[in-house]
Amino acid sequence: MISLRNFALRRGERLLLSNVDLSLHAGYRVGVVGRNGAGKSSLFAAVRGELEADKGDVSLPGKIRIADVAQETPALPDRAIDFVLGGDDVVAAVLKEEAEANAREDWEAVANAHQKMAELGAYDAEARAGKLLHGLGFPADTHDRPVAAFSGGWRARLNLARALMMPSDLLLLDEPTNHLDLDAVYWLEQWLLKYPGTLLLISHDREFLDVVATHTLHLHGGTAKLYPGGYTDFERQRSEHLRQQQIAHEKEQAERAHLQSFIDRFKAQASKATQAQSRIKRLAKMTGTEAVRAEREFRIEFSEPAKLPFSLIRLNHVDAGYGADAVILKEVGFGLEAGQRVGLLGPNGAGKTTLVKTIVGELAPLTGERSAHPDLRIGYFAQHTVESLREGATPMDHFRDIDPDGVNQNFRDFLGKWNFAGDRAFEPVDGFSGGERARLALALIAWQKPNVLLLDEPTNHLDLEMREALAEALSIFEGAIVMVSHDRHLIGLVCDTFWRVADGVVEPFAGDLDEYAAWLRTRASAQGSRAKAERDAKAEADANRAKAPSPAPAPPPPVLKSGSRKPANPVKLAAAEKKVAELETQLAELDASMADPAVFADAAKLASLSQQRENMAQKLEQAEADWLAMIDG
């Protein structure tokens, strides 16, 4: 059991939590919710022992094993599957011991290691790590890639897999779905439902909380209150609690007024003096039920498009991808008309983002035709949009970038609607949270009055309040919408049509999100059966080869005294690493340039940048292949 007794926590001068008393029993799966700055992450730090309570304490069982997700991952040369295996440090150590004993041909040590492996259940450890990677969207051919070869978002998934690999009694997850697609979110839900320990989960995904959480811990105004059930249950109970509180407050105010009236009327009369004194004492003893203070509802809006033609964009017989050798989607036929709201569904890596970039025009069709109405005005929120905001620049600076002739007061009024009131409009974005940056990026899009919104994971940095406001604004937006999102609540409220992107094909999906989840389970089962058949066929082929006469053995590769393969030339390896890093930097700079909304107004510049990016991506792919070849020896 985890207990907080008379717990108080400050960050600097600000009191986050005060007089918190609660108990979390073993097996609870607790969703921790509250506005940004309410103290959710600080509470996690206190549970981990990284922050000391200002008052009271956090009580944990003596030998509790805590697993949580690292915030950063260095550019390690370790294989992805080995990195995940390292989450179970005991199993990883015995596997390393067995490998080293084998290398030095110490058969007694090998036997001892095998005994430990049997006791720990280590024989299937790599298979378990592989299942975690697969569930989180890593194709089988990436499991042996070095950690350094993955982007930041994929490294975040590796950190999550490593935490899930660790045997634990308490699992702390802070926004675990932020870097996941919808398929991986479905998988993670099922994994967490089977987790036998206690779970503390910070999330702004209400559907995810509804499925996973057995309890909801609400942090608000320095207090923490535990509610049974998921987020929807919490909302209902809190609403009823607030209603009863307001009723009690109004009743108490009426009684106060009645008592005060009696006192004022009769306190000077000797015959009523005793009764008046009695009422004065009663009035003093009244505790004072607080009135319900309505939380300010956050609202945003997308302006009515200046022009809204009926047929906006069409792709005819399009092959989409990153070059002749990297065709992702084939024979795409996709049209977008005014008022359509399309949700793109599909397994990770199937090409949803590729399709969005092709619709935007960031990727030119490899074959076929992309036709757009002359009055088309696109608002594009890409996965890298938040990161591409100019460091050191203020919200006002960003608005001047996209509208040099705009009026400052109009900018300030508009920013105020998006909760950048007063001096916030003049503060550098460097100090903004991820949610504030995402809100600013959406505000920049809204200012330009687009008639098409293309949103690729727009909720990654948004809290529940902002997500609700975004859903409401998109629901009444008069233009067309194409959205990729792992937030089922948002995509379910906004989108009325779904298209599935899978196996190189883009096609309408005649169903809702529940039916899509069922399709995913069917697909996973079919893939599992196919993989088993392939393993069986490989085992049979291996057995047949074993019966055949053995050919003369090939000469072994050069071996050093340590028993390892001859390493790559360190000078060449360093040069290859430097080249990869330089190309990654150049690619990131191109992505930032292409994320600038002003670029969309210049078709020639956009086409030129798209071509440069395609060439740069191919160079990076070749450089990474050369580097990996050196590492593999």
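Trainee: What makes the confidence of the protein chain 82?

Mentor: The mean pLDDT, the predictor's confidence in each residue from 0 to 100, is 82 for the protein chain, and 82% of its residues reach 70 or more. Over residues 549-567, however, the pLDDT is below 50, and where pLDDT is low, the predicted coordinates should not be read in detail. Local features need pLDDT of at least 70, side-chain atom pairs count only at pLDDT 80 or more, and totals for chains, interfaces and linings use all residues. Residues are numbered from 1 along each chain as its sequence is written, while side-chain values use heavy atoms, with hydrogens and water left out.

Trainee: Why is the pair of Phe334 and Trp499 called edge-to-face?

Mentor: Rings of Phe, Tyr and Trp (its six-membered ring) pair if their centres lie within 6.5 Å, and planes under 30 degrees apart count as stacked, over 60 as edge-to-face and the rest as tilted. The centres of Phe334 and Trp499 are 4.9 Å apart with 70° between the planes, which makes the pair edge-to-face.

Trainee: How do you know that Phe334 is buried?

Mentor: Buried means under 20% relative accessible area, exposed over 50%, partly exposed in between (1.4 Å probe, protein chains only). Phe334 has 2% relative accessibility, so Phe334 counts as buried, and Trp499, at 13%, is buried as well.

Notes: Contact = heavy atoms within 4.5 Å.
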